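Morning, everyone. I have a short tour for you today. Please bring up the structure and follow along.

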Amino acid sequence: MDEHVDTVVIGGSQSGLSVGYHLAQRGCRFVILDAHDRVGDAWRRRWDSLRLFTTARYDGLPGMPFPAPTHAYPTKGEVADYLLAYAQRFDLPVETGVTVHRLARDGRRFVVAAGDRAITADNVVVATGTYHTPRVPAFADGLDPTIRQLHSKAYRNPSQLQAGDVLVVGAGNSGAEIALEVSEHHRTWLSGRDPGQEPTRAGSLPDRLLHPVMWFVASRVLTIDSPIGRRVRDHFLDPPRGIPLGRARRSDIRAAGIDRVPRTTGVRDGRPRLEDGRSLEVSNVIWCTGFEMDLSWIDLPVIGDHGFPRQEYGLVPSQPGLYFMGLPFQRSLSSALLGGVGRDAGFIADHIAARTAGMPAMSA
Ligand code: FAD
């Protein structure tokens, strides 16, 4: 079945919905396609106890503040419900349960293939997130098969673990929070580099006072337009690494009795081996080692360093009409956060609106 739409947005979570909001404001014709059954499912599928590390004040998308007290840390369920309510309030044309399996070009138009549908479009926004393929070291295959292994993508709660000790590999925010949770039931080891921590405890008075300053820095100072912003971008993306601990703090990790150990670098006799040579007798390993972005379904030469697309502010210079949304440091440190996507989305919608206005024959 062949169809034509001026703009196809692929992905209907925070990034895709923000672009949709701005496209609608500009009177553009578009559709948002999302693989999940319900808007917000990207959040519903994360672990049960997950709460945001950003407060509600900084979790709103354009045009609709997050419905929670300013200093609250919303749960993942509240985020999912907010996204669904957002799509409904602005009557955004989201088609759920539609997985795009190929994006290619046919002359000046793009062809978006989903199942037996082939949709042609003048513009395409890829807003499919960055958390696709769990990154697990190859040596994980050498662990004893009796050890239960999970990636943070599959982790929901401690009931998934078997009796015995737990090694959490990766000491960023996900690793620290999951280690704190499982340490209530199991002796727990947390392995990996210390990513640092935010200067103040989440929710404390100093934190509340500092938050507006930190948000200003994250969205207005640490941008790719400033030398310091570019330095910070390269620090976090080349190679990719996690941001400092937010809600979980080093003192919480110590107080929970978690053994803080160096990186896990291999396997000895079926057991995980640490950088310092020790091997650990654990029954469970939780890999909090991040994700790779999967753009293999995009049949266009857009992939650059570390699997991220080559783009500038979300625009792909080599493929006019192709855009990305929600990338880390697309414009600023806050670009991939709920409160930061709106500005990038407005910029891209402006670009699409101008392009569409200059191409009446293409969008007829
Ligand atoms: P996603 O939410 O990943 O959504 C992508 C959408 O694209 C999905 O709905 C998916 O179904 C769809 N899709 C993917 N591929 C296809 C395809 N081929 N065809 C059709 N549809 C497709 N941010 C904050 O601001 N505050 C926080 O406290 C915070 N905490 C976080 C905690 C964790 C553990 C993680 C992982 C992230 C956190 N983030 C936080 C970061 C960020 O807000 C989220 O990652 C956010 O989900 C990214 O939104 P997105 O719309 O870009 O992508």
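One term before we start: buried means under 20% relative accessible area, exposed means over 50%, and partly exposed lies in between. Keep in mind that this is a predicted model.

Find helix α5, residues 205–221. V217 sits in that helix. Is V217 buried, partly exposed or exposed? Its relative accessibility is 30%, so V217 counts as partly exposed.

Now go inside. The largest nonpolar core has 54 residues. Which members touch the most others? They are L83 and I286. Several elements supply at least two residues each, among them α1 (14–25), β2 (30–34) and α8 (341–357). Helix α3 gives the most, with seven residues.

Look at I286 for a moment. Leaving out residues up to four places away in sequence, I286 touches L150, Y155 and L161, then V166, L167, V168 and V169, and also I178 and V182.

There is a second, separate core, with 32 residues. W297 and L300 are among them.

Back to α3. Its buried residues are K76, V79, A80, Y82, L83, L84, Y86 and A87. Their cover includes α1, α2 (41–44) and β3 (94–96). How does the length work out? With 14 residues at 1.5 Å a residue, α3 should span 20 Å; the end C-alpha atoms are 20 Å apart, so the two agree. Just past the helix, D91 takes a positive phi of about 50°.

That's the tour. Thanks.

How values were computed: Residues are numbered from 1 along each chain as its sequence is written. This is a predicted model: local features need pLDDT of at least 70, side-chain atom pairs count only at pLDDT 80 or more; totals for chains, interfaces and linings use all residues. Side-chain values use heavy atoms; hydrogens and water are left out. Helices (H or I, at least four residues) and strands (E, at least two) are DSSP runs, numbered from the N terminus. Buried means under 20% relative accessible area, exposed over 50%, partly exposed in between (1.4 Å probe, protein chains only). A nonpolar core is a set of buried Ala, Val, Leu, Ile, Met, Phe, Trp, Tyr and Cys residues joined through side-chain atoms within 4.5 Å. Contact means heavy atoms within 4.5 Å. The expected span of a helix is 1.5 Å times one less than its number of residues.
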